[in-house]
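Dear colleague,

I am passing on the structure below, and I would be glad if you could look it over beside the notes that follow.

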Amino acid sequence: MSNQFPSSRLRRLRQSESLRTLFQETEFSVNDLVLPIFVEEETSEYVPIEAMPGVLRIPESRLAFEIERYARAGIRSVMTFGISHHMDATGSDTWNENGLVARMARICKDTVPEMIVMSDTCFCEYTSHGHCGVLHDHGVDNDATLINLGKQAVVAAAAGADFIAPSAAQDGQVQAIRSALDEAGFIDTSIMAYSTKFASSMYGPFREAGGSVLKGNRKQYQMNPMNRREAVRESLMDEHEGADALMVKPAGAYLDVIRDIREASRLPLAAYQVSGEYAMIKFAAQAGAIDERAVVRESLGAIKRAGADIILTYFAMDIAENGL
């Protein structure tokens with residue numbers, strides 16, 4: 001044997017399934033996952049989302065049934081998105097005490113009190129123009145939108161939401177929401193900020209799911225996907241404003257950003273495996289190009305390995321029911 005041959009053989013620890021499992025460095029379970037759900041009012045029919053095979057719009061009348069089903073499967077948390085039939089210029093239904101945002105949180109908590117309910121806090125599914133706030137000639141009015149975000153957050157908290165999850169990408173939104181919650185007496189309601197949210201091309205299927213009427217794009221307020229340093233700055237600003245947890249969205253193409261933020265902050269960190277990521281895996285599997293089970297686990301494992309504590313994924317029920 002040549003003296004040049006290494007005495008360390010890394011393959012020694014890969015010789016069997018038992019050895020590989022014993023020395024695996026990163027693991028995830030259903031306890032790490034949050035299931036995003038789409039709830040449509042004023043309908044009795046489930047609506048398949050063609051761009052997201054296996055995902056359905058849930059009729060509000062069936063939400064309680066679905067929450068019970070999720071809980072039985074082991075899902076511990078959901079993120080609620082509403083499909084509204086009451087759109088207007090400002091998305092005012094979101095701060096209606098009996099509007100869809102409030103009803104979703106109330107139904108979830110009344111049905112399964114231990115379910116952690118995260119209320120997506122934005123306006124894009126409730127405005128007649130599809131933007132994430134008050135639209136003026138120059139674009140979305142940041143500061144006017146902050147006022148409405150505070151009102152929406154208070155309504156969601158009053159209905160029982162455990163987390164307010166602002167995704168509107170407005171400067172100062174976490175501070176505005178924290179102040180509104182505290183002033184209304186909801187000092188224990190937490191904020192999971194979409195702290196680093198990119199203006200990604202991977203959101204396309206979500207827009208079908210959420211019934212988006214957006215014309216144009218959101219690049220004036222969501223982040224440039226090519227900006228790594230700014231991504232960290234965004235999350236650290238939300239931490240300074242009072243966020244209880246941070247988030248990177250999307251996840252799979254931004255593992256470097258997840259790692260950067262994990263190293264810069266001690267707050268819990270979530271990552272959102274978005275609709276486009278889900279769709280790419282589903283359609284590739286349908287075409288026979290990949291093994292869906294293996295790729296799902298690899299993709300989620302990579303997000304966890306990069307530093308995410310929590311993963312929002314449409315595969316959560318597959319993992320819960322089938323150990324996908």
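Phenylalanine 23 lies in the loop between H1 and strand E1 (33-40), where helices (H or I, at least four residues) and strands (E, at least two) are DSSP runs numbered from the N terminus. With 39% relative accessibility for arginine 9 and 44% for phenylalanine 23, both residues count as partly exposed, a class that falls between buried (under 20% relative accessible area) and exposed (over 50%), with a 1.4 Å probe and protein chains only.

Before going further, please note that this is a predicted model, in which local features need pLDDT of at least 70 and side-chain atom pairs count only at pLDDT 80 or more, while totals for chains, interfaces and linings use all residues. Residues are numbered from 1 along each chain as its sequence is written, and side-chain values use heavy atoms, with hydrogens and water left out.

Phenylalanine 23 belongs, with Leu13 and Leu22, to a nonpolar surface patch of about 310 Å². Patches are made of residues with over 30% relative accessible area and no salt bridge, like charges being joined within 9 Å and nonpolar side chains (Val, Leu, Ile, Met, Phe, Trp, Tyr) within 5 Å; a salt bridge is a side-chain nitrogen of Lys or Arg within 4 Å of a carboxyl oxygen of Asp or Glu.

As to the cysteines, the count of disulfides comes to zero, a disulfide being a pair of cysteine sulfur atoms within 2.5 Å. Cysteine 122 is in no disulfide, the nearest cysteine sulfur, that of cysteine 132, being 3.5 Å away, and cysteine 122 is buried at 2% relative accessibility. The sulfur of cysteine 108, a residue buried at 0%, is 18 Å from the closest cysteine sulfur, in cysteine 124, and that is too far for a bond.

Lysine 249 and proline 250 are joined by a cis peptide bond with omega of about -5°, and proline 250 is found in the loop between strand E11 (246-249) and helix H8 (255-264). Glutamate 42, which is not a glycine, has a positive phi near 60° and is exposed at 54%, in the loop between E1 and strand E2 (47-48). Alanine 169 likewise has a positive phi of about 60°, but this residue is buried at 18%.

How values were computed. Accessible areas come from the Shrake-Rupley method with a 1.4 Å probe; for residues, only the protein chains shown count as cover.
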